[in-house]
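Try each task before you read its solution.

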Amino acid sequence: MNYSEVFLKEYQEIKKVDRKPKILLHVCCGACSIYPLIFLTYLFDITILFSNSNIYPKEEFDHRLSAVKEHIEFVEKTFNEKINLIVDSYEYDDFRNSLLPLSQEKEGGARCKVCISKRMNRLFRYAHDFGFKYVGTIMSVSRNKDVNYLSKAGERLEKEYPNIKFVHFDFKKNNGQDLGVEIGKLEKIYRQNYCGCEFSENFNVK
C-alpha cells in the first residue's frame with residue numbers, strides 16, 4: 001500500500017469539509033518531528049500530543065520533550081504558524097508492566113507493537129475526550145517503524161471511535177528521515193540513540 005497516495009486522496013476529501021483542519025498529532029521526539037511538522041504546518045492546524053510514557057528514564061523523556069519544543073519554536077518562527085502542544089502524564093510503570101514479558105523480543109517485534117498500540121490508543125482516547133476529528137502520528141518517519149502496522153492500528157481504532165478519522169502518513173517517502181537529519185543538524189536538535197524503553201536496542205550504549 002502506498003500510504004503517500006492514500007494521504008493525498010484523504011486530504012482532498014478533508015479539504016472539502018475543512019479549510020484548515022485541526023489534527024491531533026502524536027509526536028514521539030524532537031528528531032522524528034523535524035520533517036513531519038515542516039511538511040504539515042500549512043496543511044493542518046496542529047495540536048501535538050506528546051504521549052510517550054515508554055521513554056526511560058524520566059530525564060530522557062524530559063530531554064526529548066525539550067527537543068520537540070525547540071523544533072516547534074523553529075517552525076513557528078520560520079513559517080509564522082502556531083502549533084499547540086499537550087504533554088501527557090508520564091506513567092512508565094504502566095508501560096514497563098506491559099512490556100516486561102516481551103523484554104527479550106527483538107527491536108521492531110511484538111514488544112514494540114504493544115508499545116505503539118498503547119500510545120495509539122491514548123491518541124484516540126484523547127481525541128475523543130477533547131473533540132478532535134482527525135488524528136495522526138509521525139512515527140512513520142522512522143525506518144524502524146512499520147508504516148503498515150501503524151496504519152492498520154489506526155484503522156482498527158477508527159472502528160472503536162467512528163467519529164475520528166485516522167490520517168495516513170508515510171513520512172519516509174521523499175527522503176523524509178534524511179531531510180530531518182540534515183535540518184536537525186542545522187537546528188542542533190537532540191537525536192537519541194535508542195528507541196525509548198529500557199529494553200530498547202542500544203539502550204546501554206554510552
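**Exercise 1.** Work out what pattern the chain follows along the sequence.

*Solution.* Step one: read along the sequence, and you get α-β-α-β-α-β-α-α-β-α-β-α. Here helices (H or I, at least four residues) and strands (E, at least two) are DSSP runs, numbered from the N terminus. Step two: tally them up, which gives seven helices and five strands. Step three: the radius of gyration (over C-alpha atoms) is 16 Å, close to the 17 Å from the globule rule for 206 residues, so the chain is as compact as a globular protein of that length. That rule is 2.2 Å times the number of residues to the power 0.38.

A quick note on the model: it's predicted, so local features need pLDDT of at least 70, side-chain atom pairs count only at pLDDT 80 or more, and totals for chains, interfaces and linings use all residues. Residues are numbered from 1 along each chain as its sequence is written, and side-chain values use heavy atoms, leaving out hydrogens and water.

**Exercise 2.** Find the strand order in the sheet, then its edges.

*Solution.* Start with the order: this open sheet of five strands runs β3-β2-β1-β4-β5, with parallel pairing. Two strands pair if DSSP finds at least two bridges between them. Next, look for strands that pair on one side only: those are the edges, β3 (84-87) and β5 (165-166). Now zoom in: β2 (residues 45-50) pairs with β3 in the parallel sense over four bridges, and F50 sits opposite V87 in β3.

**Exercise 3.** What percentage of the chain's residues count as buried?

*Solution.* Buried means under 20% relative accessible area (1.4 Å probe, protein chains only). Apply that to the 206 residues and 50% count as buried.
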